[in-house]
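Colleague: I have a new model open and would like to learn how to read it. Could you walk me through it, feature by feature?

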Amino acid sequence: MGVVTPAGRAAPADGTAPADRTAPSGSTPGATSADRVPRQDRLPKQDRLPKQDRFPKQDRSRATRRRLLEAAVACLAEHGWAGSTVSVVAERAGVSRGAAQHHFPTREDLFTAAVAYVAEERSTALRALFPGAPTEGPADRSAVVAALVDLYTGPLFRAALHLWVAASNEEQLRPQVTELEARVGRETHRIAVELLSADESRPGVRETVQGLLDMARGLGLANLLTDDGARRERVVTQWAALLEEALD
């Protein structure tokens with residue numbers, strides 16, 4: 001038989017506290033002292049646990065979106081438009097099809113956003129190669145020409161090319177790709193002008209810079225069939241010499 005406690009409750013025969021004993025404020029009934037975490041606002045600042053991320057859902061959403069965009073570019077570069085469905089991209093990104101469609105309701109939205117995203121990333125990387133230019137002096141023009149050519153010989157250009165081909169046959173896709181390419185082209189031209197310290201007020205300078213970008217695009221097309229790095233290097237060297245003469 002249990003022992004009657006002062007509160008009038010019967011304690012178990014083994015002397016333990018009643019099962020419905022009120023737990024201390026801020027703890028879970030039945031939790032041990034080691035399991036209880038004090039309220040952080042009652043502790044000295046130096047003893048408080050690190051704050052949790054205020055927007056964990058938003059962070060997860062951004063991470064999911066980024067994985068989808070990177071997976072879309074990779075699929076487009078490897079499989080082309082016909083082989084790059086939302087399901088294929090979602091599987092590669094490690095998310096459900098529903099999650100993919102939550103971020104990008106249509107296939108067209110997904111792939112145009114993917115190419116735009118990587119184009120912006122490449123523009124950022126291009127600037128990072130020459131962080132002091134042009135405010136701290138012009139960048140080496142040969143290096144700038146080589147970096148610009150690299151923009152058109154990687155997976156981004158391959159993915160963009162597949163998107164262009166698809167847009168030529170898809171009425172729903174064409175306006176988005178046209179607008180995207182115009183925006184990316186303007187941004188690339190502006191960065192090239194800055195890095196080359198080109199004065200476009202002089203006759204022919206703007207056309208010279210645009211010619212460089214058109215040449216780089218042509219080298220990118222040639223690279224789709226075969227990687228002719230040696231020939232490309234000679235062309236880049238010649239173009240850098242021509243630019244020095246034209247811009248100076």
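**Reading the model, step by step**

Modeller: Start with helix 5. Among the elements that cover its buried residues are helix 4, helix 6, helix 7, helix 8 and helix 9 (229-247). Keep in mind that this is a predicted model.

Colleague: Which residues of helix 5 are buried?

Modeller: In helix 5 (residues 141-151), they are Arg 141, Val 144, Val 145, Ala 147, Leu 148, Val 149 and Leu 151. An α-helix has 3.6 residues a turn, so residues three or four places apart point the same way.

Colleague: How many residues are in the largest nonpolar core?

Modeller: It has 34 residues. Leu 68, Val 89, Leu 110, Phe 111 and Leu 163 have the most contacts inside it. Helix 1 (56-79), helix 2 (86-93), helix 4, helix 6 (155-169) and helix 7 each give two or more residues to this core. Helix 4 gives the most, with nine residues. A second, separate core has 29 residues, including Val 144, Val 193, Met 215 and Ala 240.

Colleague: What does Phe 111 touch, leaving out residues up to four places away in sequence?

Modeller: Phe 111 touches Ala 72, Leu 76, Trp 81, Ser 84, Val 89 and Leu 163.

Colleague: Now Thr 112. Is Thr 112 buried or exposed?

Modeller: Read the relative accessible area. Buried means under 20%. Thr 112 has 9%, so Thr 112 is buried. Thr 112 is found in helix 4 (residues 107-129).

Colleague: Which side chain makes a polar contact with that of Thr 112?

Modeller: The side chain of Gln 176 does, at 3.3 Å. Leaving aside neighbours within four places in sequence, Thr 112 is also in contact with Leu 163, Leu 173, Val 177 and Leu 180.

Colleague: Where is Ser 197?

Modeller: Ser 197 is in the loop between helix 7 (174-196) and helix 8 (205-225). Ser 197 counts as partly exposed, because its relative accessibility is 32% and that class lies between 20% and 50%.

Conventions:
Residues are numbered from 1 along each chain as its sequence is written. This is a predicted model: local features need pLDDT of at least 70, side-chain atom pairs count only at pLDDT 80 or more; totals for chains, interfaces and linings use all residues. Side-chain values use heavy atoms; hydrogens and water are left out. Helices (H or I, at least four residues) and strands (E, at least two) are DSSP runs, numbered from the N terminus. Buried means under 20% relative accessible area, exposed over 50%, partly exposed in between (1.4 Å probe, protein chains only). A polar contact is a pair of N or O atoms within 3.5 Å; within protein, one must be able to donate a hydrogen and the other to accept it, and residues adjacent in sequence count only if both atoms are side-chain atoms. Contact means heavy atoms within 4.5 Å. A nonpolar core is a set of buried Ala, Val, Leu, Ile, Met, Phe, Trp, Tyr and Cys residues joined through side-chain atoms within 4.5 Å.
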